[in-house]
Amino acid sequence: MTSPTTTATLSRRRCGLSTMHNCDIGDHPGVPDMTRDLNRQAVLVDPVELHDLVQNGQDPLLLDVRWALGDPNGRDHYLAGHIPGAVYVDLDTELAAPPGGTAGRHPLPDTADLQTAARRWGVTAQRPIVVYDDNGGTAAARAWWLLRWAGHPDVRILDGALGAWRANGFPLSTGDEVPEPGDVVLTAGHLPTLTADDAAALPDKGVLLDARAAERYRGEVEPVDPRAGHIPGARSAPTTGNLRDGAFLPTAELGEKFGDLQGSDVGVYCGSGVTAAHEIAALAVVGIDAALYPGSWSAWSSDPDRPVAVD
């Protein structure tokens with residue numbers, strides 16, 4: 001698997017090459033701590049920092065990715081109240097191709113279709129992007145991963161999601177936002193992915209993480225997909241365990257949780273490739289690169305030739 005973001009790149013981004021980052025490396029003599037901080041700040045932005053950026057005229061493009069399994073009303077939630085200037089993004093139709101067969105419930109969109117949607121949102125190569133939802137970033141992470149996979153250099157997730165923005169007393173807007181069209185050029189493959197065969201083979205040489213709820217992993221329940229259980233050899237690591245009160249765990253705690261994965265080939269899947277992106281973000285916070293199996297369990301369980309394990 002490739003390493004899409006090196007420490008050197010993070011250092012350059014943190015020290016002025018991105019409009020959202022600005023520092024002097026010389027002020028940080030503790031290199032390991034600095035690297036850990038850079039990793040987190042390359043992935044996440046806290047609401048106070050975001051508010052300050054907006055107030056100071058350093059406006060990132062804000063994308064509202066309100067979505068939850070079983071809740072088709074994301075746009076209505078957005079219209080009722082969103083961060084000022086944020087553009088609504090529909091996960092089902094804009095961050096995924098139509099579902100079907102062994103492609104899974106949220107196949108990766110065609111790059112040309114994603115580019116068309118991104119331009120409609122106002123995406124340019126130069127303007128940083130912040131994505132958020134109202135569920136700990138578990139849906140917004142799909143936009144974070146997908147835009148980075150397609151080559152955008154500067155995308156971050158709002159840590160704590162919309163709840164943290166509200167908790168700080170920051171304003172909300174209602175109604176729709178219609179941005180100036182963007183001109184971004186997107187190309188596929190800037191982050192690693194797994195095929196079903198790759199996912200099947202990975203436990204023998206690396207670590208395959210299942211980001212779904214533990215009871216789905218164990219095969220006790222399966223609310224949406226054809227079969228219950230997990231990919232043989234996968235390790236249960238629910239995405240919700242990376243959050244506390246809707247925000248990502250402190251970096252040190254994430255480091256303890258994933259410390260044994262350092263130096264391993266790591267892949268992640270979930271139900272349909274959405275919350276697995278959130279797990280990849282949590283891993284990136286502690287400097288671990290991971291590949292996404294986009295079809296995830298919805299694709300695997302739809303193929304009768306694929307084995308299923310239950311614990």
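**Entry 1: helix 7.** I began with helix 7, residues 140-149, and found it mostly covered, with 10 of its 10 residues buried. A reminder to myself: this is a predicted model. I jotted down the buried residues of helix 7: Ala140, Ala141, Arg142, Ala143, Trp144, Trp145, Leu146, Leu147, Arg148 and Trp149. Then I looked just past the end of helix 7, where glycine 151 has a positive phi of about 105 degrees.

**Entry 2: helix 12.** How many residues of helix 12 are buried? I looked up residues 275-285 and got 10 of 11, so helix 12 is mostly covered, with buried taken as under 20% relative accessible area. The buried ones are Ala276, Ala277, His278, Glu279, Ile280, Ala281, Ala282, Leu283, Ala284 and Val285.

**Entry 3: alanine 161.** Next I went looking for positive phi values in residues other than glycine. Alanine 161 has one, near 60 degrees. I placed alanine 161 in helix 8, which covers residues 161-167. Is alanine 161 buried or exposed? Its relative accessibility is 1%, so I wrote it down as buried.

**Entry 4: aspartate 245.** Aspartate 245 is not a glycine either, yet its phi is positive, at about 55 degrees. Where does aspartate 245 lie? I found it in the loop between strand 8 (243-244) and strand 9 (247-248). With a relative accessible area of 79%, aspartate 245 is exposed, whereas alanine 161 is buried.

Definitions and conventions
Residues are numbered from 1 along each chain as its sequence is written. This is a predicted model: local features need pLDDT of at least 70, side-chain atom pairs count only at pLDDT 80 or more; totals for chains, interfaces and linings use all residues. Side-chain values use heavy atoms; hydrogens and water are left out. Helices (H or I, at least four residues) and strands (E, at least two) are DSSP runs, numbered from the N terminus. Buried means under 20% relative accessible area, exposed over 50%, partly exposed in between (1.4 Å probe, protein chains only).
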